[in-house]
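Take a look at the model below. Then follow the text from one contact to another.

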Amino acid sequence: MPRPAVPTLPTDSPEEAFQNDTLRPILKQQDELLRTVFAHYLIKRKVRPEQLPTAKRAEKIKELVTRDNRLRGLLFGMVIGQFTPEEAAYYVENEGGVNRRMTNLLVERLQE
């Protein structure tokens, strides 16, 4: 199945181009699955963000995605598993920057 198109502005930054051309389309395509896995994770861990005020809820989601290694590894694996061999090679060379961007995009998507 082809990845969905995500309208973005052109960029000269290779990391931003990877984010816009690879990460955003994968996250859009995997949206329902990512949300389902995240919701299941919250139930399993007995975390109830819906009981928190809206501002605290967003904070809690960010904390879970950035600090819970098991959750982050699971979500990253779902995204990285969609990479082509060329994208995987780019990821290996630029892992730190791509991981930061992927974390930020996952947090934004799960907070919506």
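**Charged pairs, rings and helices**

Glutamate 15 and arginine 101 form a salt bridge, and their closest N and O atoms are 3.5 Å apart. Find glutamate 15 in helix H1 and arginine 101 in helix H6, residues 95-111. How exposed are the partners? Glutamate 15 is partly exposed, at a relative accessible area of 25%. Arginine 101 is also partly exposed, with 22%.

Keep in mind that this is a predicted model. The mean pLDDT of the protein is 91. Of its residues, 99% reach 70 or more. Confidence is lowest in helix H3, residues 54-67, where the mean is 88. It is highest in helix H5, residues 85-93, at 97.

Back to the charges. Side chains of opposite charge can pair when their charged atoms come close. How many salt bridges does the structure hold? There are 6. One of them joins arginine 3 to glutamate 87, with 2.7 Å from N to O. Arginine 3 lies in the segment before helix H1 (14-29), while glutamate 87 belongs to helix H5. These parts are 84 residues apart in sequence, so the pair ties them together. Glutamate 87 is buried, because its relative accessible area is 13% and the cut-off for buried is under 20%.

Now move to another salt bridge. The side chains of glutamate 112 and arginine 35 meet at 3.6 Å, N to O. Glutamate 112 lies in the segment after H6, and arginine 35 lies in helix H2, residues 31-44. The pair ties together parts that are 77 residues apart in sequence. Glutamate 112 counts as exposed, at 68% relative accessibility. Arginine 35 is partly exposed, at 27%.

Next come the aromatic rings. A pair of aromatic rings is described by the distance of the centres and the angle of the planes. A search of the whole structure finds 3 aromatic pairs. One aromatic cluster is formed by Phe18, Phe83, Tyr90 and Tyr91.

Finish in helix H1, where asparagine 20 is found. Is asparagine 20 buried or exposed? It counts as buried, at 7% relative accessibility. Which residues does asparagine 20 touch, leaving aside its neighbours within four places in sequence? Its contacts are Thr8, Leu9, Thr11 and Pro25.

Methods
Residues are numbered from 1 along each chain as its sequence is written. This is a predicted model: local features need pLDDT of at least 70, side-chain atom pairs count only at pLDDT 80 or more; totals for chains, interfaces and linings use all residues. Side-chain values use heavy atoms; hydrogens and water are left out. pLDDT is the predictor's confidence in each residue, from 0 to 100. Helices (H or I, at least four residues) and strands (E, at least two) are DSSP runs, numbered from the N terminus. A salt bridge is a side-chain nitrogen of Lys or Arg within 4 Å of a carboxyl oxygen of Asp or Glu. Buried means under 20% relative accessible area, exposed over 50%, partly exposed in between (1.4 Å probe, protein chains only). Rings of Phe, Tyr and Trp (its six-membered ring) pair if their centres lie within 6.5 Å; planes under 30 degrees apart count as stacked, over 60 as edge-to-face and the rest as tilted. Contact means heavy atoms within 4.5 Å.
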